[in-house]
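Morning, everyone. I have one chain to go through today, and I will keep it short.

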Amino acid sequence: MADFDVFAKDCPSRDVFAHVTGRWGALVLGRLNTEPQRFGEIRRQVEGISDRMLTQTLRTLVDDGLVARYSAGTNPPHTEYRLTPTGVGIAEAVLRLADAVQAAMPTVAAGA
């Protein structure tokens with residue numbers, strides 16, 4: 001297995017790191033941590049994201065192998081997004097970071 005180093009400018013892990021730590025990627029991963037969800041459910045839970053940005057974010061996370069897209073062969077189509085096993089571990093780390101930021105907010109907001 002090749003070694004990866006997100007601090008090396010040409011390492012492919014840097015792109016995935018950027019996708020995961022970007023505003024929308026982190027929030028979508030955090031919301032998918034609880035259960036598989038449909039597009040509209042994710043959009044309602046990640047306030048402020050546009051349909052276009054959610055589509056782009058989901059496509060990127062699917063391409064990275066962190067999210068899986070499942071379509072039931074029904075009419076109308078029923079498409080769900082869920083974390084892959086790899087995505088679960090990364091989403092848990094994102095949620096720990098979100099918890100740390102929220103816990104620090106009283107100090108940050110006070111300007112200390």
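Predicted model: local features only at pLDDT ≥ 70, side-chain atom pairs only at ≥ 80, totals over all residues.

The chain has five helices and two strands. Starting at the N terminus, the order is α-α-α-α-β-β-α. The C-alpha trace covers about 55 × 40 × 25 Å along its principal axes. Of the 112 residues in the chain, 26% are buried. The accessible surface is about 7600 Å², and carbon and sulfur atoms account for 55% of that. On contact order: take the contacts between residues at least 6 apart in sequence, and 43% of them join residues at least 24 apart.

As for annotation, UniProt has an unreviewed entry that lists residues 11-109 as "domain: HTH hxlR-type". In the model that span is 65% helix and 12% strand, and its end C-alpha atoms are 36 Å apart.

Which residues have the most contacts inside the largest nonpolar core? They are V28, L29, L32, I42, L58 and V67, in a core of 18 residues. Two or more residues each come from helix 2 (23-32), helix 4 (51-63), strand 2 (78-83) and helix 5. Helix 2 gives the largest share, with five residues. As background, nonpolar side chains in soluble globular proteins tend to be buried together.

Let me take L32 as an example from that list. Leaving out residues up to four places away in sequence, L32 touches Q37, I42, L58, V67, Y81 and L83.

Next, the surface. There is a nonpolar patch made of L97, V101, M105 and V108. Together these residues have about 360 Å² of accessible area. L97 sits in helix 5, which runs over residues 85-110. Is L97 buried or exposed? It is exposed, because its relative accessible area is 54% and the cut-off for exposed is over 50%.

K9 and V62 are 53 residues apart along the chain, and their C-alpha atoms are separated by 23 Å.

Terms used
Residues numbered from 1 in each chain as written. Heavy atoms only, no water. Patch = residues over 30% accessible without salt bridge, like charges linked within 9 Å, V, L, I, M, F, W, Y side chains within 5 Å. Areas by Shrake-Rupley, 256 points an atom, 1.4 Å probe, with all protein chains shown as cover. Salt bridge = Lys/Arg side-chain N within 4 Å of Asp/Glu carboxyl O. Helix = DSSP H or I, 4+ residues; strand = E, 2+ residues; numbered from the N terminus. Buried < 20%, exposed > 50% of the residue type's maximum accessible area, 1.4 Å probe, protein only. Core = buried A, V, L, I, M, F, W, Y, C linked by side-chain atoms within 4.5 Å. Contact = heavy atoms within 4.5 Å. UniProt positions renumbered as here; feature names shortened; annotations may be inferred.
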